[in-house]
Amino acid sequence: MNSHDLTVLGYLVILLAAGLLAVAARWTRAPVPALGDVLDRIMRTRTGRVGVLVAWAWIGLHFFAR
Amino acid sequence: MSHGARDEAAARLSRRRLRGAPGSRALVIVVLLLIAFFSAISGKPLDGLLMLLVAAALGWDARAAAEPAGTAQAGAAQAVANASQADRPALLRGSAWLLGGAVFAVLAGSFTRFSWPATATVVSVGAAAVLTGWRRPARRPPPGPLPRAGVVAWGAVLAAGGLWELWSLLQQSSLTATSYAHPTLSALTDPVLATAPGRALVLAGWLLLGGYLVRR
C-alpha cells in the first residue's frame, strides 16, 4: 500500500465513521444524536448559524471560485 | 428590580442567546481567521477575503450597539408565520426552488472551474445564504439536551476529516501544487469536476445541502 492509497483510506475511514454515527443515531439506542440535532443546537445562535453557513459556502468557493 | 430594569435584563439575555456565548463566538472567529490565512497562502485570496469579512462582521456584531428589544420575540413570531405559510402552496414553492436549483447547477456547471463566471455565481449564492442566516433567527425549535459523548464523537469525526485534509495539504511539495502521493479532497475530486455534468451534479448537491442548512 503506497502513500496515495493510505491517504485515500484515511478519507474512507472518516467517511465510514460518520456513516456509523448516523446509523447509530437513527437505528440504535446508543447515546448519539442525529447530525441534524447537533446542527440545530449549533445554529440556535447567529454565530453558530453564520459559522455553519460559511463553512458550507467555503466548500463551494474552494471547489469552483478563483 | 423595576419592570424597566427587568425588561432590559431580559432583552440583554435574549440578545446574548441570539448572538451566542462569547467563548463560542471567539472560537468561530478564530477558525474563520485560520481558514482565511490558509486559503490566502494556498492561492485562494478571494476565499480568504470572504472568510476575513465574515470574521470581521461577527467581531463587529459582538461589539455592536444593542439590538432593538424584542428581536428574539420577533424571531419566534417569524418562525410561527413561516410555519403557517408552509401549509400554503408548499409543493409549488418547493418545485420552483428545485427547478431553479437545477437550472443554476447546470448553468454554473457549464462554466470552467475557477473562471470569473463560476466565481460570480457561487459567491452570489453563498453570500445570499450567509446573509439569510445572519438576518433570520433559527426556524426550528432547539432540541433537548444532547448526549455529550455523541456530540464529542461527531466533533471528533469532523475534526479528523479537517486534520486529515490539512495533513495531506501540508505533505504537498507546495501549497498550490497537488500531490499524487498525498491527495487532498480537491485533488481527488478533480476528475469529476473536470466535466460539465460532474460539476452540475456536485453543485446540485452543494445547493441541496445549503438549502437544508438555511431551512434549519
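How many residues does the contact take from chain A, and how many from chain B? Keep that in mind as you open this predicted model, and start by selecting both chains. The contact draws 42 residues from chain A and 58 residues from chain B.

Now color the chain A side of that contact by helix. H1, helix H2 (35-42) and helix H3 (46-64) of chain A each supply at least two residues to the side that touches chain B. Pick out H3(A) next: with 18 residues, H3(A) gives the most to this side. Switch to coloring by residue class, and the side of chain A that touches chain B splits into 25 nonpolar, ten polar and seven charged residues.

Next, select residues 3-27 of chain A, which form helix H1. This helix has 25 residues and runs 36 Å from its first C-alpha to its last, close to the 36 Å expected at 1.5 Å a residue. Show side chains for Thr7(A), Ile14(A), Leu21(A) and Ala25(A): these residues of H1(A) are buried.

Step back to the domains of chain A. Domain 1 spans 1-32 and domain 2 spans 34-66; the C-alpha centres of these two domains of chain A are 21 Å apart.

Finish on chain B, where domain 1 covers 1-69 and domain 2 covers 89-216. Their contact takes six residues from domain 1 of chain B and five residues from domain 2 of chain B. On the domain 1 side of this contact within chain B, you will find four nonpolar residues, two polar and no charged.

Methods:
Residues numbered from 1 in each chain as written. Chains lettered and ligands numbered in written order. Predicted model: local features only at pLDDT ≥ 70, side-chain atom pairs only at ≥ 80, totals over all residues. Domains from an automatic or database assignment. Helix = DSSP H or I, 4+ residues; strand = E, 2+ residues; numbered from the N terminus. Expected span 1.5 Å × (residues − 1). Buried ≥ 20, exposed ≤ 12 C-beta atoms within 10 Å, placed from the backbone. Contact = placed C-beta atoms within 7 Å. Nonpolar A, V, L, I, M, F, W, Y, C, P; charged D, E, K, R; others polar.
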